[in-house]
Amino acid sequence: MSLLEARDIRFAYEGGEEIISGVSLAVESGEAIVITGLSGCGKSTLCRCLCGMIPQAVEGDFSGAVLCLGKNLSDLPLAESAQLAALVFQDADEQLICSALEDELAFGPENLCAEPSGIRRAVDEMMERFGLTEMALRDPSSLSGGQKKLAAAAACLMLGARVLIFDEPMAGLDAESRGIVLAAIEELLSRGCAVIAVEHDLELAPYATRVLYMRGGRLYDAPEEASP
Amino acid sequence: MISIEKIAFSYPKAKKLIFKDFSAEFSPGEAVAVTGKNGCGKTTLVRLLTGIERPSAGRITIDGEDTAGMDLFEIGRLIGCVFQDPARQLFCRTVREEIRFGLENMGLSEDEIESKTAKWAEFFRLDGKLLESFPGTMSGGEKQRVVLAAVLAMGTRYVLLDEPTSSIDMRARRALGELLRDIAAEGRGVIFVSHERSFIESFATRELVLP
Amino acid sequence: MSSLRLENLDARVKLFMLLALSTSAVFFRSPKVLLPIFLFTLALVLAGGVSARDAFMRVRGALRLIASLFILQCLFNRSGAPLLRAFGATLITRGGIAAAAYVALRLLIVLLSALIVLTGQRRDYLLALTQLKAPYEIAFMVMAALHFLPLLREQARDVMNAAQMRGARIKKAPIVKRLRLYVTLSAPIVAGAVRKSEQTAVAMEARAFRAYPRRTSMRRLIMKKSDWAVFAAFAVLLAAVIAGGVIWSRAG
């Protein structure tokens, strides 16, 4: 059984044209998949389909199935599917809402009514793992671009997600921040997670196990197949 | 020529000076890439050049005129600026209106406005259906192209861009780079902040590294 | 003693101080009661470690408003004995001064008491609200607003700058045109804010926010002995100050 499996997903926003036109994908643990395509081709929409945000939180016409560890994400409330597959937004500021980094990481477990000392331990461990301990009390919005992505990823992992989806992880980041994000992705892979990164460039391609090309709402294995 | 003469600047609540006795010159005919580490002041420089922030010491002149006595409108007629976050520069209902906005304010004839709008929309691949779309719901890369079209259509003497390639794809990046080089060749001035090594190496005539 | 500094005080005590001072400012009408309360608030703020400069900066913005309100009240409130006459006409009356003082003092008390609360961190107030049994959704809403409002203001400013640079002559436009520009330009900001908040709401839902009717908290605010001492002292002193003021107003 694959870690994440998408079966013929199709999606159109309410009143709009079909943006995802039959995407199928299987991802194994430890794999890093890069999906690339021109801006506007539906990459962000695909991200949301793969983590269950579509159809749970977004209106539209959705068909097909996304299975993570065998469970169909469409059948689960968003709070539960996020514990399997989670999305790191392109704009990290939309995801970081607390005024201290450690609170940001604690947010998820607190919502799940986890026990306070257990949360404290888990937060400290997660910060240690990603080298964020020094920034525990800093306001996440004051961190650098790369650190923000890291914080968002760590916050998602606090819920136990095994598949992390990144929407344009490198967009707008300087060299140092890019290094931070790359190191984080490597760490995730080494722990048996799977990473799906969607980008308009091929920056992460050298580090990927597989690169897929998106055009017209479908995925292709080779760029020639995807070009107009 | 844009001349920065011994400026000093720090943000009101910050403790350290971002610029201290800093000078630089940007001549027409150049495409200057401004680079430097995170936090060294690249975006602040953009804000100082456009007059959004004012230096606490020294002065900035554009073609000999001191910007201290000019407001944003007057500076905007000389420098077309594309800021880092496209979402904070888009305010019209359609892409067409967005591109037309600056042109209408320049007092051009309707024919000229129409033709320039069409030309720049086509250049940035925003024609067809996209032209009537609402910029707010477009993807990051599309938004960036809309702002580029809207600002560059105005044909200002100097063009200032802050991370113009952050969200756009390879194809648009190449087109933009060649365009900037053409603008410089026309005798106008181009200044852009970037940390894309390949873009800088391919299209900049000079690099200014901020300390 | 560092434990007496406002910034180290338990957030709940500070919220109580804010509430008590603002309520008394609104409740009492006599300047003879408000003046002691104002002086008490000022003393509290300064003793608590807020620099006089910061206090002044905060109040400065409103001083012009207070001054104009003061003048207006003095000129238009004709009650009571005349205090200042010129050219045969009464310019300022006792009633006018009293009314003006009342407005000014009330504003000053509220502004200064806000300083008490500003000496803390957002996360502590969030904890304070939830530990005081406020529903957590409301506490989060308030905190989110505090977080996003400055960002919205920044965005509005950026849009205005961008529009001006593309030829919108906002500063020199006639008032009607200027208002129309403000409205046109604020539309995308509001739309953007709505969209962003939707995204953030989804992000929060994805981290299980509101999955259950209650939630736990990694941190907990604990009242120290010094917190209780300050709380008690404040309550007693405020009551004494108000009582003194009431007696004074009854006497004169």
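Predicted model: local features only at pLDDT ≥ 70, side-chain atom pairs only at ≥ 80, totals over all residues.

1. Residues are numbered from 1 along each chain as its sequence is written, and chains are lettered from A and ligands numbered from 1 in the order in which they are written.

2. Chain C contains eight helices and two strands (DSSP runs, H or I of at least four residues for helices and E of at least two for strands, numbered from the N terminus). Their order along the sequence is α-α-α-β-β-α-α-α-α-α. The radius of gyration of chain C, taken over C-alpha atoms, is 24 Å, well over the 18 Å from the globule rule for 252 residues, so chain C is more spread out than a compact globule; the rule is 2.2 Å times the number of residues to the power 0.38.

3. The C-alpha trace of chain C spans about 70 × 60 × 30 Å along its principal axes.

4. Helix α1 (residues 11-27) of chain C packs against helix α5 (residues 122-131) of chain C at an angle of about 80 degrees, with the axes 8 Å apart. Axes are lines fitted to C-alpha atoms over the stretch in contact, and angles run from 0 to 180 degrees between N-to-C directions. The angle makes α1(C) roughly perpendicular to α5(C) (65 to 115 degrees).

5. On α1(C), the contact involves C:A11, C:R12 and C:L15; on α5(C), C:D124, C:Y125, C:L127, C:A128 and C:Q131 (contact: C-beta atoms, placed from the backbone, within 7 Å).

Conventions. Parallel < 35°, antiparallel > 145°, perpendicular 65-115°, else oblique. Contact = placed C-beta atoms within 7 Å.
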